[in-house]
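Here is a short briefing on one protein chain. Read it alongside the sequence and the coordinates.

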Amino acid sequence: MGKRRAGRELLRSLSKKQKKHLREFGEEHPFYDKLLLLLLLHSCFLFQSEDSDKSSAESDSETEVEQVSGYHKLLATLKTSPESESEEEEDESESEDAEESEAEMDSEGSQETGEAEGGEEDKNDVLEEEEATGTAEQILSQEQTDGTDISCDPRHGVIEEFTDVKHESEFSLETNFMEEESGDCNADKRDSNPFKQHMDKELEDKEIEKMSTLPKTSSQSQWPRLGQLIFSSTLEKHKTLKADKEVDVKQLHLHKPLESTWPKVNKQFLSSVDKPVDSPFTPLQRELFCIMNSYRDLFYPERNALTNGEEIRHAYCLHALNHVLKANAQVLSNNARRRDRKPGTDTDDYRDQGLTRPKVLMIVPFRECALRIVHTFISLLEVNDKKKIDVSNKKRFKGEFGSDPEEKPPNLKRPEDYEAVFAGNIDDHFRIGVAILQKSMRLYAPFYSSDIIIASPLGIRTVIGAEGEKKRDFDFLSSIEILIIDQADIYLMQNWEHVLHLMKHINLLPLDSHGVDFSRVRMLNLNNWSKYYRQTLLFSALQDPQINSVFNKHCFNHAGQVAVRNVPLTGSISHVVVQLPHVFRRLEAESVASVIDARFQFFIDKVLPEYRDAVMSHTLIYVPSYFDYVRLRNYFKKEDLNFTHICEYTKKAAVCRARRFFLKGEKQFLLFTERFHFYKRYTIKGIRNLIFYELPTYSHFYSEICNMLKATDSGVDATWTCTVLYSKYDAQKLAAVVGIDRTAQMLQSKKNVHLFVTGEN
């Protein structure tokens with residue numbers, strides 16, 4: 001051990017130039033002689049082989065990946081050509097620069113002013129050392145007898161992400177058969193089973209043409225908990241659902257283990273509901289699952305991370321897991337029937353698969369969300385404490401998707417909704433495949449061997465790629481049967497283009513067969529009708545035209561759609577606690593496309609001249625769109641106005657300077673983006689005049705920004721002003737701020753509306 005430690009320390013003491021010199025001119029000095037190094041490595045491998053023999057008997061899901069020693073690193077560098085090494089060094093420096101710029105956006109979720117810069121150098125040093133071992137790990141992974149990939153954590157700059165190849169045969173649907181006690185196979189054959197009804201329905205060409213061309217017919221219904229529902233469908237034969245007052249678990253056609261585990265897993269939410277204890281669902285879950293289980297598309301825009309977020313997550317996890325278990329049980333059951341069939345039997349009876357294996361795609365914003373989903377799956381599959389399911393790579397998953405509570409500074413004060421949204425690991429670049437087979441779960445399964453894929457929009461976008469890229473893949477999306485997009489409002493703050501890119505590449509015919517048995521593929525997949533059978537579940541905290549567009553234009557489910565359309569009665573303006581006059585100024589635009597230019601022209605012609613006077617100092621201009629922010633910033637520079645600006649890409653030092661200049665009155669205007677407020681939630685002091693260039697995406701941001709005026713020590717209340725720009729195309733946002741009654745009056749009248757809020761009412 002002493003020799004090994006000494007060699008490792010010697011390697012670490014070498015600089016980059018020395019390591020490069022060692023790789024290129026290794027025969028020049030006896031110290032760099034490859035023969036001597038290989039002799040040392042041979043003795044090292046003897047020690048390593050003894051350790052590997054001892055550890056091979058342990059479960060892969062419960063063992064840590066052994067760290068590669070310095071000798072292994074050195075051996076790998078000797079096998080690497082100088083050209084490839086120079087490319088690695090360039091990539092390494094680029095990744096470090098990218099992480100430094102990325103930290104400006106992500107690190108404030110857990111830190112205030114300058115604390116993050118202190119640990120940045122140490123973090124980059126660790127990343128540099130781990131990235132340098134990427135080649136060694138790839139070489140060593142080929143020499144592993146158990147076939148397990150030991151690549152590093154993807155958060156630490158790994159070249160290729162980890163996939164579990166060890167358990168491929170154990171989780172193969174083609175080579176396994178149904179166990180008698182794992183589920184009720186005959187239950188899936190019942191005509192009343194929603195899964196069978198939806199997937200076995202045979203559509204005709206006329207119906208497909210009708211769904212592609214004709215508009216949808218809609219009807220309304222009022223449910224006790226969800227409220228106003230809009231049922232829509234292109235096909236004439238659609239029935240309006242009725243809310244079930246009481247739900248019997250046995251009538252839901254759940255797969256066998258879920259009938260007993262769901263009441264236990266969901267018990268935490270039932271304690272706060274004044275309903276009978278024997279009810280397995282909360283009122284919200286009961287109505288949501290009633291729609292989910294009918295395989296209709298669902299849009300629920302009232303998800304709240306503080307109140308009902310976890311309830312909703314448990315409900316759609318139950319539905320997704322139930323779907324996967326039923327689909328896999330059907331395949332395994334048919335495997336046994338094919339094995340025992342007589343020669344000459346018609347093979348069309350066994351069409352039970354898609355063109356690729358993945359059935360469920362779950363889009364979530366952060367790693368913490370994926371962690372909670374997997375934990376919910378595990379809880380639903382474990383019947384009791386004695387019957388634990390085998391979860392492959394569980395320890396690795398907890399390490400990569402979990403979070404360290406000590407990373408968050410204790411003095412950080414943010415609103416409750418911020419704490420709920422940004423809890424845990426908030427990395428937004430990830431993807432993971434999950435395979436489920438009877439009593440086992442496989443994490444980090446390759447996509448084409450997965451039943452469920454959990455990913456962020458950015459994580460799935462980097463796999464899909466863009467047109468013209470050599471390395472891109474979206475065949476695994478060809479047979480997605482359930483698409484779940486949770487917390488869709490957050491993607492508006494990240495990059496909505498990733499969501500649109502995904503919707504354009506889902507349920508397309510694959511470019512490769514990927515080893516599929518076409519005799520088992522459903523005719524709907526072969527006909528390229530997968531999108532007409534896909535169920536889309538869309539959950540958001542708000543109604544937004546972009547989210548509505550995805551639900552209306554990219555969802556073609558033959559079973560129909562259900563959208564919750566409740567209108568706000570009061571609006572967030574009722575939560576403004578300062579005495580402040582609100583002036584809503586209406587601008588006219590001929591179309592949605594012309595609103596952007598019309599708003600800019602209205603602002604510089606009608607609004608800005610009123611605030612150019614030095615008396616109207618301390619003016620904050622709230623800009624939701626980054627493109628509008630850039631346009632205003634360029635105009636202010638051109639006009640040589642006394643202003644400063646803060647956006648989501650502004651460095652911390654510049655943010656501190658801008659806040660100080662604005663507070664002291666050295667800068668008259670402050671341009672302030674909505675995304676910065678979403679990720680940081682700073683309290684801006686010194687505001688006397690507010691201008692909402694556009695209504696905020698989140699309605700509660702309106703009251704938050706207005707209430708920042710009370711943080712101003714100096715100034716007279718009577719001098720405070722608030723001006724809001726809106727058009728007739730902002731009806732949804734306007735209703736969320738002022739309420740539906742005032743919105744109707746404001747849209748009918750073309751005059752400016754003056755509202756005076758005297759406090760919280």
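F584 has V724 of β17 as its bridge partner. The model behind this pairing is predicted.

- Strand β12 covers residues 580-586, and strand β17 covers residues 721-726. The two pair in the parallel sense over 5 bridges.
- In β12, 6 of the 7 residues are buried, so the strand is largely enclosed by the rest of the structure.
- S727 sits in the loop between β17 and α28 (731-738).
- Is S727 buried or exposed? S727 has 1% relative accessibility, so it counts as buried, the cut-off being under 20%.
- Leaving out residues up to four places away in sequence, S727 touches L587, V595, R599 and L747.
- R585 is buried, with a relative accessible area of 12%. E610 counts as partly exposed at 44% relative accessibility.

**The chain as a whole**

- The protein chain holds 29 helices and 18 strands.
- Of its 761 residues, 52% are buried.
- Take the contacts between residues at least 6 apart in sequence: 78% of them join residues at least 24 apart.
- The accessible surface of the chain is about 36,700 Å². Carbon and sulfur atoms account for 50% of that surface.

**The 11-stranded sheet**

- An open sheet of 11 strands runs in the order β1-β2-β11-β3-β10-β9-β4-β8-β6-β7-β5. Its pairing is mixed.
- Which strands stand at the edges? They are β1 (217-223) and β5. Each has a single partner strand, so one side of each is left without a neighbour in the sheet.
- Neighbouring strands of this sheet are turned by 15 degrees against each other on average, with direction ignored.
- Helix α15 packs on the sheet. It touches β4 (360-363), β5, β6 (431-437), β7 (440-443) and β8 (452-455). The direction of α15 makes about 165 degrees with that of β7.
- Strands β3 (residues 297-300) and β10 (residues 535-539) run parallel and are joined by 3 bridges. L298 has L537 of β10 as its bridge partner.
- Strand β9 pairs with β4 in the parallel sense over 4 bridges. I363 stands opposite I485 of β9.
- Strand β9 also pairs with β10, again in the parallel sense over 4 bridges. Here L483 stands opposite T536 of β10.
- In a regular strand, side chains alternate between the two faces of the sheet. In β9 (residues 482-485), I482 and I484 point one way, while L483 and I485 point the other way. All four of these residues are buried.

**Salt bridges**

- A search of the whole structure finds 22 salt bridges.
- R367 pairs with D427, and their closest N and O atoms are 2.6 Å apart. R367 lies in helix α15 and D427 in the loop between α17 (416-421) and β6, so the pair ties together parts that are 60 residues apart in sequence.
- R367 is buried, with a relative accessible area of 2%.
- E382 and K388 also meet through their side chains, at 3.7 Å from N to O. E382 is buried at 17% relative accessible area, whereas K388 counts as exposed at 53% relative accessibility.
- K388 belongs to the loop between α15 (367-381) and β5 (390-392). K388 and S440 are 52 residues apart in sequence, yet their C-alpha atoms are 9.2 Å apart in space.
- Salt bridges that share partners join E310, R313, E368 and R372 into one network.

**A nonpolar surface patch**

- F518, M523 and L526 make a nonpolar surface patch of about 270 Å².
- M523 is found in helix α21 (residues 523-526). M523 counts as partly exposed at 43% relative accessibility.

Terms used. Residues are numbered from 1 along each chain as its sequence is written. This is a predicted model: local features need pLDDT of at least 70, side-chain atom pairs count only at pLDDT 80 or more; totals for chains, interfaces and linings use all residues. Side-chain values use heavy atoms; hydrogens and water are left out. Buried means under 20% relative accessible area, exposed over 50%, partly exposed in between (1.4 Å probe, protein chains only). Two strands pair if DSSP finds at least two bridges between them. Contact means heavy atoms within 4.5 Å. Patches are made of residues with over 30% relative accessible area and no salt bridge: like charges are joined within 9 Å, nonpolar side chains (Val, Leu, Ile, Met, Phe, Trp, Tyr) within 5 Å. Accessible areas come from the Shrake-Rupley method with a 1.4 Å probe; for residues, only the protein chains shown count as cover. A salt bridge is a side-chain nitrogen of Lys or Arg within 4 Å of a carboxyl oxygen of Asp or Glu. Axes are lines fitted to C-alpha atoms, for helices over the stretch in contact, and angles run from 0 to 180 degrees between N-to-C directions.
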